[in-house]
Amino acid sequence: MRTEFERTHDMTGRSTARRLALLAALATVPALTLALPATAHAENAAGTAGTTGTAEATALTLPAPAKYVPVQDTLYAAGDTGYLHRRETTDGSAATYQWHGYDGTERTVDGFTGKVPGQQGYYGAGTDILPVPIGVSGVVELRDPATGTSTQLTVPEGQSTVGSFGTTVLTTSYNDVWQIDKLHILRVRDGVTTDTVVDPPEGLRFDQYPVVAGDGAVAVVRFTRGHTIGVLDLTTGTLTPVASGVAVDASWNIQAAVSPTHIAWYQQGMSTARVVRRDDPTGAQTSVAVPSSGADIPVVGLAGDWLLTSYRPAAATEQNPPLRAGGPLKATPVSGGSPVTLLAAAQPDLFQIPGGGAVTVGGADAGDWAVRRVETGADGAPTLRTLSEVPARPAVLRGIALGGGQLVTKEEDSAPRPAYQTRKVTLGAAPAAGPRSEVTTAPLGDSYGQPLAAGDGSVVHVRHDDATQRDLIVRAAADGTRAEIAPFDRAVPPTSGRGLRDAAGRYAVYGGGDERVVVDFGAPGGPAVVQRLSTPAASLWGSTLWTTDGTGGRIEARDLATGQVTPYTVGASCQIRDVQTVGRWVYWDCLGQDIVGGDPATPFGVYDLETGADVTLPARGRLGDGFVVNHDTDAGLLRLTDFHTGTAGAPRTLTALPSVPGWKNYDVDKFGGGIAWLETNGTAHVVPSGVPAQPLTVTAAQAPATYTRTAGTTWTPAWQLSKPATGAQLVIKRKTKTLRTLDARAAGAALTAAWDGTLADGTRVPAGTYTWELTAAPEDGTGAGITLTGSLTVTDGA
């Protein structure tokens, strides 16, 4: 089936230049409409269902799912009355620093330029006071965001700020060879900045970024030799060296945390952290096991008598790594014992609250993301309290397909990798959508991977294999199996991706220009190319391939199972260059070519296989069951024309839908009659056509006449239908006696069943010949049900 979307992007073949000119001319053809006026919507469990004033014209609206990766809400400091943070914006603009009080208030902190631990400086930690530099004057305003009060402190010339704890600022000074030789504790007393000088212990030198943790009373510093750290009393200036017990003499990868009762530190790569009592830093050290999370780097914190662990993501080792919500947040008792998981996923941010506990950001997933306070309960165990929810943002959806009531969306970031998600949708008086489930991964970007729903629950798409430089047709079936094939044994550029034309059950059509191939994914031995054609006109209905022999006005049906060809002639003498088929209706299109001896006003139309009549259409479009949907890209409107009576009715508008470059934003369910479209914000809509559907029929069948019964095997018949069915049952009989009744499994507009040659109690039936009967009713309630019969010979294998 060669749709408007595909024609627009088909830039291959010998008639490219001519086709481009014709496509430009076609944009001015009057468009068709199907009016669906806007109305109020009533919510249901799956999305939003609305009516258009008639019982038939119900609609289903499905908001975009949440992004897999939560919104980042970066923490910078935590005090006893609130925390400083900056939340990722929706438009990519720079986020502002906000002080969020534990009472729920939020204030903007203008001018703050603080850093998080591990960057150049450790600012605003451990108290409610934030340092805000005043230009480049060396003056720092120590501001209390909760009260609005502030104090100005002047950093002496030649000193560099490396930490800020309340009204205390730590700076460094350098020797003649630009090594840090002293720390300075700066405070303001009576409006004057005082300077308490701190020398390193004998034989040690301060690290380039010496401060790793602290609060308003103490700071933990590191030296260039990592086997020793120091605890600095910010009131007296006393520096106490502490043997760190780390494995590697490298100070840069040591981190620490300070609580009212403990000091903890950890060196990257070690399996344990060290913890000491705050009131006795040189006393006994306790080793606490640090739980691992793959290759991620642990970040430690403290809450009561528990060591907290979050995780900083390790560097990616592949080109397009999967998206991640974050590592877990765990708590391990300092006294020993197994860790407990507090949050399934969390950002690495862990900021200590001076009065006890910590602040972090995390949750079960993006929909549960929040800034949370870790504290201890009456029993001493760690608990979580939500401080501020972080709403999820909608995922990016870039492609939609609808087939057999299965809605498929190509989603960029709703899962760890780009993926196709599918759900069952039902329309009618009570429209609903089932749960979403991932079918398979999808190619990145828009050039490849626009999906087709094959009507049997499977999704077909194209991906480019960089290793072989080939386009591969991929089919992900409803049962979870995945198969792929290279239709051509030649290299193609990695920017094509537009060759997938049609799919129906086990078959797919692919190609460009005047070249088409038909792939059978159910062929013995695996997927195979079963037809090669020199024409752009090729579409599928069940196991029938509709194409042309090149004669003006000629179309033909080829049975892919038997090879039988049945010719038809439509009311135009032009060469058919596009064919679409739905049951009795065959849409044909000459694509505006010059017509000799024919009617130039009607180079496209619909042929009725039942009556042999031609139906004249006012505009090209995508064929449904008794209707055509046209996307007027100039007007930005999606329209539908009903022709099921044999005459095209007045067009009606479905929706306003701007055109989008590179991806398919609407589709017609030729196996069910629905129409789906996708807004750029990821909202999907599905509506019924309002056109009476054809009766339920079988379009293809695989029901083997023999079954060799061996352990672990079953007889597995399958039927492709014209539209979804319900209540399907398969009855196995011996003569007139019913032996087994099985429920047939529905997937899209297809049915499958499985029988292992036994009765309901597990007793094996004797080898011999049996009859079977399949019954099913149309899911939409339109028309009669079906009854199929056949015979099956059961033999016993080795």
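Two strands count as paired if DSSP finds at least two bridges between them. Strands themselves (E, at least two residues) are DSSP runs, numbered from the N terminus. You're looking at a predicted model, where local features need pLDDT of at least 70, side-chain atom pairs count only at pLDDT 80 or more, and totals for chains, interfaces and linings use all residues. Residue numbers start from 1 along each chain as its sequence is written, and side-chain values use heavy atoms, with hydrogens and water left out.

Start by selecting 218-223, which is strand E16. Is E16 mostly buried or exposed? Buried (under 20% relative accessible area, 1.4 Å probe, protein chains only; exposed is over 50%, partly exposed in between): that goes for 6 of its 6 residues. Color Val218, Val220 and Arg222 on one side, then Ala219, Val221 and Phe223 on the other, and you have both covered faces. In a regular strand, side chains alternate between the two faces of the sheet.

Val211 sits opposite Val221, and a hairpin of 3 residues links E15 to E16. Next, show 228-233: E17 is antiparallel to E16 over 5 bridges. Here Val220 has Val231 as its bridge partner, and 4 residues lie between the two strands of this hairpin.

Jump to the open antiparallel sheet ordered E52-E53-E54-E55. Its edge strands are E52 (622-623) and E55 (652-656), each pairing on one side only. Inside, select 627-632 and 637-642: E53 and E54 share 6 bridges, with Val628 partnered by Thr641.

Last stop: 786-796, strand E67, which runs parallel to E60 (706-709) over 4 bridges. Thr706 faces Thr793 there.
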